[in-house]
Amino acid sequence: MTEFWDLKQNKARKTPSGPPLCTSLSHNIRAFVRITVFGYRTRSSRSPTSISISGQKVPMAASEENSALFPIFILTMIALPLVPYTILKLCRAASKKTKSIHCECSVCSQSGKYRKSIFKQISTFSTCSNLTLVLLWVIMGILVYYIKHISREIQVFEPFNILGLEPGASDSEIKKAYRRLSIQYHPDKNPDPEANKYFVEYISKAYQALTDPISRENFEKYGHPDGRQGFQMGIALPQFLLNIDGASGGILLLWIVGICILLPLVIAVVYLSRSSKYTGNYVMHQTLSAYYYFMKPSLAPSKVMDVFIKAAEYMEIPVRRTDGEPLQKLFMLVRSELNLDLKNIKQEQAKFWKQHPALVKTELLIQAHLTRETTALSPDLLRDFKRVLELAPRLLEELMKMSVIPRTARGHGWLRPAIGVVELSQCIIQAVPLSTRKAAGGSPEGIAPFLQLPHFNEAIIKKLARKKLRTFQELRDMTLQDRADLLSQAAGFSAAEVQDVELVLEMMPSITIEVTCETEGEEGIQEGDIVTVHAWVTLNRVNGLIGALPHAPYYPFHKEENFWFLLADPNLNNVWFSQKVNFMDEAAAITAVSKAIGETMEGSGASVKETSTAIREAVEKVRGGSRLVMGKFQAPEEGNFNLSCYFLCDSWIGCDKKTSLKVKVLKRTRAGTRGGHVAEEGPVLEDGVEEEEEIEEEDDDYDSEYSEDEEDKLDKNKKGKAANGTVRGKGGESSSEGSSSDEE
């Protein structure tokens with residue numbers, strides 16, 4: 001028995017044999033194979049618009065057949081982009097779950113940033129992209145259900161199946177099947193109107209098609225009672241659109257124009273309008289232009305804030321009339337951090353408020369975050385405050401790129417503003433005032449590293465200073481028991497607070513660097529050579545983790561650790577080479593290191609076995625917490641260069657690493673007669689014996705970045721010409737003096 005659906009009575013009917021009269025999903029899909037991209041379909045030989053019975057043609061509903069294909073056409077058009085996009089979204093979501101390693105101290109737990117409540121999950125999921133994705137899947141489900149239960153608008157004319165026979169049945173079998181079905185469905189035997197309709201439209205036509213010799217021969221030979229069928233086309237559009245007399249051509253034209261011309265044009269206009277405004281990192285081009293213009297080689301770290309707030313994204317944040325009074329109160333709370341001249345405080349305040357209102361508002365909100373004075377913010381200001389902090393990481397990254405982008409004649413960037421950008425990023429992530437980075441109490445980094453620890457404040461730091469604890473590194477180097485005794489006795493911490501401090505210290509990274517500079521395939525470095533920087537950077541944590549989110553309870557968003565490798569000449573304020581490094585994505589690091597090592601070994605002429613061994617060792621290093629930094633730069637003129645390798649973290653304070661690297665560049669000789677070697681190549685750590693005095697001098701330069709404005713001006717007057725990399729005399733003299741002392 002075969003079941004079909006009665007649309008009028010909304011119930012199922014059963015026939016003793018023959019195909020299902022309802023249009024199944026698989027049947028419609030087979031029919032849709034004949035539909036092209038523009039909604040056309042070819043008329044199948046097994047789906048006749050009419051059949052010939054004794055020389056007379058019986059027409060069928062061709063327009064209804066075309067209309068029934070429209071849902072399948074829409075379903076396919078939705079499924080083609082939706083399925084791969086959904087798979088991509090799921091893969092991204094799965095990769096993000098592996099990056100959820102964060103600090104578990106009580107301060108981070110109380111911040112609620114990592115709390116996975118049902119409301120937060122719903123708010124995280126209910127983005128415009130996700131809701132659109134769910135809506136499209138719901139529409140697809142409705143279309144699938146509709147296609148599966150659609151009425152019989154498309155019927156494949158199969159006379160053998162209608163009569164319940166196998167193809168090639170004899171005339172006697174056909175007559176027996178017809179008589180058997182006539183007893184059940186003939187109007188004289190069955191008064192049901194549906195049975196009468198089924199008998200007339202299907203059983204009788206199938207019997208006549210198979211008993212007529214010509215029709216049967218055509219059906220068995222060509223699959224159609226009328227014989228070989230020509231090529232016909234239809235439009236997979238709803239029937240009501242095609243019922244207008246003489247309008248089919250116009251509708252077809254509108255369909256082609258809309259799909260082929262208007263839709264791509266609209267997509268192109270939207271894409272071009274967005275791409276003309278934003279970069280690949282979703283930063284406005286106007287912001288990059290402002291950063292490039294205001295970035296200066298002698299820009300002190302304390303002045304980086306003035307450039308940072310000039311982003312076009314911040315200028316678009318609305319300034320309301322109701323913000324005036326709250327901003328005035330906020331100004332009084334953070335006034336000490338605004339670098340105002342206390343001697344002319346009234347003039348300085350008037351000058352500050354004369355700036356663009358968006359600049360004033362942005363700087364006050366950032367200073368409120370740095371000083372942790374956010375409780376007095378109104379709801380409107382709190383929303384703007386979160387928006388400012390949300391944009392900060394990507395804007396700081398672009399500002400960093402603007403500082404290290406080649407500016408000088410030699411293609412070097414600027415070191416001093418680059419360090420300032422990273423230190424501003426550290427302060428924003430840890431919510432530490434910039435003024436606390438000034439050297440004080442024997443600590444070159446000030447008290448800023450202590451303030452990033454939970455439960456620490458200036459009073460606690462003063463108590464620890466009385467116990468001869470001066471630097472943050474001394475606190476990290478202490479044993480667990482000594483540190484616990486110091487914090488409990490001198491600072492008065494409870495056992496839980498001491499545990500929070502230990503959890504944060506275990507999360508803080510320790511960096512080691514191994515750097516070499518060489519010309520591939522040659523001995524020594526000569527003028528104009530393409531020098532390859534090869535550095536292995538290893539990250540270690542006490543808790544054994546490699547990639548983790550930093551301790552940042554006051555920053556309301558998730559922030560990954562990012563590091564910047566800088567090969568620079570601190571004497572000339574030049575950055576020779578820079579690269580961003582991330583320890584979160586191990587798979588990407590393995591792919592990159594395999595490709596880099598493979599290309600290097602292949603260029604050196606190594607065998608396949610040696611190359612595979614080198615790649616295997618490099619992959620093991622990456623899995624152990626190391627990252628390979630490789631790059632190239634052009635060798636300068638002849639001389640000895642005392643370079644420094646900086647590895648700066650944009651999230652932690654006090655975790656930066658600096659090593660020294662001496663490179664000797666030889667004079668260019670004739671081709672094929674190269675001679676000489678690198679004088680001293682390789683990293684010399686800050687605690688080295690041979691270069692201790694030189695490294696201390698470099699550390700003094702690095703630590704004095706946050707000095708008073710008068711010292712900045714004095715330093716600018718002394719090194720103004722050398723800072724922008726245009727004067728080579730002093731650099732050459734210092735290099736020659738260094739080389740002569742080395743030779744002695």
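View 1. Gln452 sits in the loop between α21 (448–451) and α22 (458–466); helices (H or I, at least four residues) and strands (E, at least two) are DSSP runs, numbered from the N terminus. A polar atom of the Gln452 side chain lies 3.3 Å from the backbone oxygen of Pro449. Beyond its neighbours within four places in sequence, Gln452 is in contact (heavy atoms within 4.5 Å) with residues including Gln430, Phe472, His551 and Trp652.

A word on the model: this is a predicted model, in which local features need pLDDT of at least 70 and side-chain atom pairs count only at pLDDT 80 or more, while totals for chains, interfaces and linings use all residues. Residues are numbered from 1 along each chain as its sequence is written, and side-chain values use heavy atoms, with hydrogens and water left out.

**View 2. Three strands, β8-β10-β13, form an open antiparallel sheet.** β8 (510–518) and β13 stand at the edges with a single partner strand each, so one side of each has no neighbour in the sheet. Two strands pair if DSSP finds at least two bridges between them; β8 and β10 are joined by nine. Look for Thr512, which stands opposite Thr538 in β10.

**View 3. Helix α26 packs on this sheet, touching β10 and β13.** The direction of α26 makes about 45 degrees with that of β13; axes are lines fitted to C-alpha atoms, for helices over the stretch in contact, and angles run from 0 to 180 degrees between N-to-C directions. Among the buried residues of α26 are Ile590, Val593 and Ile597, and its buried residues also pack against α27 (608–623). At the N-terminal end, Asp585 caps α26, with a side-chain oxygen 3.4 Å from the backbone nitrogen of Ala587. After the helix comes Gly605, whose phi is positive, near 80 degrees.

**View 4. Phe565 belongs to the largest nonpolar core.** Such a core is a set of buried Ala, Val, Leu, Ile, Met, Phe, Trp, Tyr and Cys residues joined through side-chain atoms within 4.5 Å. Not counting residues up to four places away in sequence, Phe565 touches Val533, Phe577, Val629 and Tyr646, among others.

Technical notes: Buried means under 20% relative accessible area, exposed over 50%, partly exposed in between (1.4 Å probe, protein chains only). A polar contact is a pair of N or O atoms within 3.5 Å; within protein, one must be able to donate a hydrogen and the other to accept it, and residues adjacent in sequence count only if both atoms are side-chain atoms.
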